[in-house]
Each structure stands twice: as structure tokens, then as C-alpha cells.
2 protein chains.
Amino acid sequence: MNKRVFKKHEERKDEIMEAAKELFANKGYEKTSVNDVLKRVGIAKGTFYHYFRSKEELLESMVGKMTDLITGHVRKSIDQPGMNALDKLSRLFTVSGGAKVANKKYLNIIGKAIYSESNLLLRQKLVTRSIRIFTPILTDIIRQGVEERVFDTEYPEEAAELIMLMARDINESVAPYIFAKELGKKEEEIIERKYRLWSDAIERMIGAPKGSIESTMMKLWEEYRDAR
Amino acid sequence: MNKRVFKKHEERKDEIMEAAKELFANKGYEKTSVNDVLKRVGIAKGTFYHYFRSKEELLESMVGKMTDLITGHVRKSIDQPGMNALDKLSRLFTVSGGAKVANKKYLNIIGKAIYSESNLLLRQKLVTRSIRIFTPILTDIIRQGVEERVFDTEYPEEAAELIMLMARDINESVAPYIFAKELGKKEEEIIERKYRLWSDAIERMIGAPKGSIESTMMKLWEEYRDAR
DNA sequence: CTATATTGGACCGACGGTCGGTCTAGACCT
DNA sequence: AGGTCTAGACCGACCGTCGGTCCAATATAG
């Protein structure tokens, strides 16, 4: 039928993942069939299964690539000697949150996709992996903070895990309002109240100075709001 | 082929849901086919789709039934005039947690099922629904507590939501240890530390007296641990 | 030219769901 | 009481789609 087009291994693989990302974002993982992906890329079944053992492995690879990208940015911006714990914490939130804002045009699509009902698996894999990667980083930051006497907690490890889980919570809680069609004064107030309460809870949990986290979070939120 | 057996509408429907519950618990929702359910109940395809519009509607009904049961218990044990906010809060945790301990023999199966990878959808639907139901109840309790000057927060509504979400977190965080084959001293310590930190975080969030929630949680945990 | 990596698409069983039709309990007649 | 009628419980062949397998055909490297 069609002329065959040969590509280098990694190139093809990336091409498939890229196509899948867009399809998953638009239709959701479960509702996107392997055939949809084939059609989009312009390849046959055999080709797909030459690169991925299953549909789920494709998802896994995609998620891995996405999280690796974010992690890289975060690590780079934090691994600087002489940086204090509070700054690092601020950077952690800013960069991991900012990775979204970076490709702003995709944010809405991806956001809607991730927080839509039809993408449970994708969201779960993304979140689980992020938490697994970020928890040890956050643990180190908290430990450093305790040494610097700016944080005060007995269990940095557990606190870090709980904070990461709560980060997911606040995102999920705020997502419906952020991705709503209209973002009016009323919605903004709700969002701000939630961020404030959440920041406060975390400050208390690790014994951070009052307002230290809140100020970062509010700045991030305002930045995002104005970019809309 | 088979003799026809006639049943009353609700009876048959319950029968199907009961069979599905066990199958979902053992194999997971996605891996249980409609045909599996049919075989178990001893009915034909058409009969199933006479009662449920889809496989997912079956899941929805099941989840609805389960949550309604728990909600009933909670409501009954809390809706008593003259009960103070702290007692109500304690009851809320005890009863909603105790609903599991009640049918102890199912707990392990259901627990493993809910917290297994293969039951994302079931877990999500169960959790989402529980949160939606319990949040307003918890909001009222917090409001009452603020009036009684035993709690101190400006945003009872948001605090309630965050607490419910955090309840899910602590459950998920602790589940792998609780449902582990062996529950040694080391695991117990981890679990206790998590519960303690979590209780503490919530106490601080709603300005509850130190230790007020922790004591309830620890009692619940010990009760469960000894029942194993 | 040979060996290997890559590609194409026919093919498969299992899945969720549809459909036209059968059978019977119980309400309603006479 | 016995006869008739009908709502709705019940059946299973059938459908399109899915993820996944298989192997022949082809391009490229050496």
C-alpha cells in the first residue's frame, strides 16, 4: 500500500510517544485505541509492538519521560551548595509547578486530561511516580532545614511523604475551579482560601516560619492566574 | 437449555451485585468480565443488561450501596443532641473506620482489593463518593467545635475537605504495611509514626487540643492490630 | 550477497454490549 | 373457578472493537 518509511529506533519511539501523548490528552488513555495511535503515526500494528510490548508499556514510557524531564529541572535548580532549606523548598514548589506553566499552551489540555475522569490510570501513574521521586528530595530539604533550625519536626521522612500527598490533594481540589470555563472573582477566592489553608497546614507540620510557604504558593498562583 | 428461574426484581439485582462484589474483590473490576458475573449468578447476558445498562453502572450501584450503608451508621451514631464536637469527631473516625472492622473476615479481601493496583476505578469511585458524603458532615462538626471554642479555624468547609482528602492519604500510605504478609515490630512503628504525624497535622489545622485526635486514632489502630 | 533490524497487515480470542424473541406469574375477566 | 392477557424476567446468538500475535516482505548494514 503506502510507501514504507524507515526511521531510526529512538526517533520512531519518540514519534509514537508524542502522538500518544496528544491522543491521551484529548480522548483519555482508555478511550484511545492502539489503532488510533497507529493511524496518527501512520504505522502498522507490527511496528507498534516492535517498540512497545503493550499499550500499558507505552503509557509507562510516556509517564517516565514526562517525570524525568521535570525531575531534571528540579534537581538542577536545587543542587547548588550554599542554598538554604527555605529557598530550596520554595524552588521545589516553583519549578515543579512551573514545569506546567512553561509550556503554557499545553497546560490546559494536559490539565483537563489529567484531571478528567477518563484518565484515571494516567493520572495515578504520573502522581505515584512524582511522589516516589520527590519524597526523598523533600526529605533532604526538611532535614537540612531542621539542622538550620528553620524547620522543626521529628519525622522528616514521614512529613515529606505527607506533604507530597497533600500536594496532590490540593491540586485535585483546586483543579475543577482552575479548569472551569469561567474563572470569576468567586472562584479565585475559593482557590486562594484553599492554598492558604494548605500552606498553613504544611508550615505547622514541619514547624516552618509562618507565611514562609504561603508567600511562595501565592506568588505561584498569581503568576499562573495572570498568565491565563 | 437451563431451567428458567424467576425472581423478584430487587432480589435478582442484589444477587448480581453480591456476586460482582466478590468477583471484583478477588480479581479486580477490570479483570472481571461480564461473562464471569453471568456464570457466577447463573443467568444470561440479556438478563444482566435487563438490570444494568452497563458494566460500569453495576460498579456504580455497588459502590452506592456500600457507601450508603456506612453513611447510615455514621449518621445514626452522630445525630444525637447534646453531643459535643470532639466526641462527634471521634465517633466519625471510629464508626467510619469501624465499619471495616465490623465485617472483619471481609476486611482483608476488601482491603487488598481496594488497595490493589487492579482496582483503581473501584477505589476511586468509593473514595470520591465517601468524601463527597462525609465532607458536609465533618464541616458541621467543625463549625460546632468552633462555636464550642474547642476548635479554631476560619475556614471549616475547606478544612473539612482537606481532612477528608488526608484521611484517604493516610489510609493509602499505611495500607501497604497493614496488608503486608508480616506485621512486625518495625512495620508497627512506621504505622504508628504516620498516624501520629497525621493526627497532629489535623489537630493543628483545625486548632484542636493537642492529642485529642491522636488518642482516638491510636485507640482505633490498636484495636485493629489486636484483632488481626 | 547475507544477516539483521524494521515494517506491514491479516488474523485471533475475548471483551462489552445489542437484539429479537421466549416464557410465565399474576392481574383481570367471565 | 377456570380462562386469557400482558408486563417484564429471561435467554443466547450475534456484533463491532479491542489489545495482542505472527510471519512474510523489505530496507539497510557489513
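These legends go with several close-up views of a predicted model.

**View 1. Chain A is built from helices.** Count along chain A and you get 10 helices and 0 strands. Starting at the N terminus, the order of its elements reads α-α-α-α-α-α-α-α-α-α. Along the principal axes, the C-alpha atoms of chain A fill a box of roughly 70 × 40 × 25 Å.

**View 2. Inside chain A.** How much of chain A is buried? Of its 228 residues, 28% are buried. Now look at the contacts in chain A between residues at least 6 apart in sequence: 62% of these join residues at least 24 apart.

**View 3. Where chain A meets chain B.** How many residues does each chain bring to the contact? Chain A gives 19 residues, and chain B gives 19 residues too. Sort the residues of chain A that touch chain B by type, and you find 11 nonpolar, 2 polar and 6 charged.

**View 4. How confident is the predictor about chain A?** The average pLDDT for chain A is 88, and 90% of the residues score at least 70. Then zoom in on residues 1-6 of chain A, where pLDDT stays under 50. For this stretch of chain A, the model has 0 contacts beyond four places in sequence.

Key: Residues are numbered from 1 along each chain as its sequence is written. Chains are lettered from A and ligands numbered from 1 in the order in which they are written. This is a predicted model: local features need pLDDT of at least 70, side-chain atom pairs count only at pLDDT 80 or more; totals for chains, interfaces and linings use all residues. Two residues are in contact if their C-beta atoms, placed from the backbone, lie within 7 Å. Ala, Val, Leu, Ile, Met, Phe, Trp, Tyr, Cys and Pro count as nonpolar, Asp, Glu, Lys and Arg as charged, and the others, Gly among them, as polar. Helices (H or I, at least four residues) and strands (E, at least two) are DSSP runs, numbered from the N terminus. A residue is buried if 20 or more other C-beta atoms lie within 10 Å of its own, exposed if 12 or fewer, and partly exposed in between; C-beta atoms are placed from the backbone. pLDDT is the predictor's confidence in each residue, from 0 to 100.
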